[in-house]
Amino acid sequence: MVTNTPATRPANPRFSSGPCAKPSTWTLESLADAPLGRSHRAAIGKEKLKAAIEGTREVLGIPADYKIGIVPASDTGAMEMAMWSLLGERPAEMVAWESFGSGWVTDVVKQLKIEATAHVADYGEIVDMAALNYDNDVVFTWNGTTSGVRMPNGDAIPADRAGLTICDATSAAFAMDLPWDKLDVTTFSWQKVLGGEAAHGVLILSPRAVERLESYTPAWPLPKIFRLTKGGKLIEGIFTGATINTPSMLCVEDYLVALDWARAQGGLKGLIARAEANTAEVSKFVDAHDWIEFLATDPATRSTTSVCLKFTDERIKDGAAFAKAVAKRLENEGVALDIGAYRDAPAGLRIWCGGTIEASDVAALMPWLDWAFNAEIEAQ
């Protein structure tokens, strides 16, 4: 029999994996200081953009000699900019264990058409990073947003590598400890872990990446929006607040507010702890129920942001339809929005557990998941 609906509801039902929930303290009024109607090239605009760049450096602990730029088109724009500008000088090792990583493989192999070896693991698994040739350039995601599988650490990446490491860290930055000495190019979007507004990406370059940019010219033409150098030298303004195209100062203000909130949580350590506490609530539920499991097979590689789950009950006749029906029940009740698995991923659920989520809300959701599962089993 279906149990009664739980008495407690999440205060915030927004568990989407992107754009993600804003901090519980966020208000529209907090953006009142945005210089709307002003040029981003005016002194106040440059000041705001520089504050966003240096705030990113401070909270994430990025080395002083790394360059940080705000670029267009979210994390995708930042990754495409990096790949089109940097790859081709040597062969590439393309790594994928979910849909976004697979997209980068496609772009390099079919669009750039450079010499590349693809290393692909199934959803729930991860590629053996120690088996790669780091004399080549290596392109990978730190956290598979659509599979819930993440890098456990950067130990497999050698310090004396000849190639560059290009890392899509969009659902890892501000939630996981990124080893900057192992990452030459890192990208993310602030719409993920900090719940910022969409459409802006962040591109982080190590000195080795800058050296490559200034010593290598790709064989293909680069559109203006991808160009990071002029006359063989890095365009320094991009990394001090002079963006390639016009940014939204409202979005920049929103990011500055999010950075202030992150500092109030104890910075990166505090954000990591919040994500881990949220994921722990899901883990307790999974451990107590035999009809649901993590999609990630190894606990060491389970994401603490994009937590992906699969149903394992033998009574389920159509896995995809069942998972969609459960997600729909939860949405109709207003207790969980946008938690269906990504369209290319195996059937199941995906619950965002990044730092802007409250552990009390995750805990409140779990009985509802039990309720929705049992209701759907009876409805089959």
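This is a predicted model: local features need pLDDT of at least 70, side-chain atom pairs count only at pLDDT 80 or more; totals for chains, interfaces and linings use all residues.
Seven strands, taken in the order 1-9-8-7-4-2-3, make up an open sheet with mixed pairing. Its edges are held by strand 1 (67–72) and strand 3 (116–120); each has a single partner strand, so one side of each is left without a neighbour in the sheet. From one strand to the next, the twist averages 15°. Helix 4 (residues 207–215) packs on this sheet and touches strand 1, strand 4 (137–141), strand 8 and strand 9 (200–205). The direction of helix 4 makes about 95° with that of strand 9.

On one side, strand 8 runs parallel to strand 7 (residues 165–168), and 3 bridges join the two. Within this pairing, Val185 of strand 8 is the bridge partner of Ile166, while Thr186 of strand 8 stands opposite Cys167. Strand 8 also pairs with strand 9, here in the antiparallel sense and over 5 bridges. In that pairing, Gly201 of strand 9 stands opposite Ser189.

How do the side chains of such a strand arrange themselves? In a regular strand, they alternate between the two faces of the sheet. In strand 8, Val185, Thr187 and Ser189 point one way, whereas Thr186 and Phe188 point the other way. Both groups are buried, and strand 8 is accordingly described as mostly covered, with 5 of its 5 residues buried.

Side chains of opposite charge can pair when their charged atoms come close. The structure holds 18 salt bridges. In one of them, Asp254 pairs with Lys22, and the closest N and O atoms are 2.8 Å apart. This pair links distant parts of the chain, since Asp254 sits in helix 5 (residues 249–264) and Lys22 in the segment before helix 1 (43–60), 232 residues apart. Buried means under 20% relative accessible area; Asp254, at 2%, is therefore buried, and Lys22, at 17%, is buried too.

A second salt bridge joins Asp184 and Arg161, at 3.0 Å from N to O. Asp184 lies in the loop between strand 7 and strand 8, and Arg161 in the loop between strand 6 (149–150) and strand 7, so the pair ties together parts that are 23 residues apart in sequence. Asp184 counts as buried at 1% relative accessibility, as does Arg161 at 7%.

What is the setting of Arg263 and Asp260, buried or partly exposed? The two form a salt bridge whose closest N and O atoms are 2.7 Å apart, and both lie in helix 5, 3 residues or about one turn of the helix apart. Arg263 is partly exposed at 32% relative accessibility, and Asp260 is partly exposed at 48%. Finally, salt bridges that share partners join Glu89, Arg90, Asp137 and Arg212 into one network.

Technical notes
Residues are numbered from 1 along each chain as its sequence is written. Side-chain values use heavy atoms; hydrogens and water are left out. Two strands pair if DSSP finds at least two bridges between them. Helices (H or I, at least four residues) and strands (E, at least two) are DSSP runs, numbered from the N terminus. Axes are lines fitted to C-alpha atoms, for helices over the stretch in contact, and angles run from 0 to 180 degrees between N-to-C directions. Contact means heavy atoms within 4.5 Å. A salt bridge is a side-chain nitrogen of Lys or Arg within 4 Å of a carboxyl oxygen of Asp or Glu. Buried means under 20% relative accessible area, exposed over 50%, partly exposed in between (1.4 Å probe, protein chains only).
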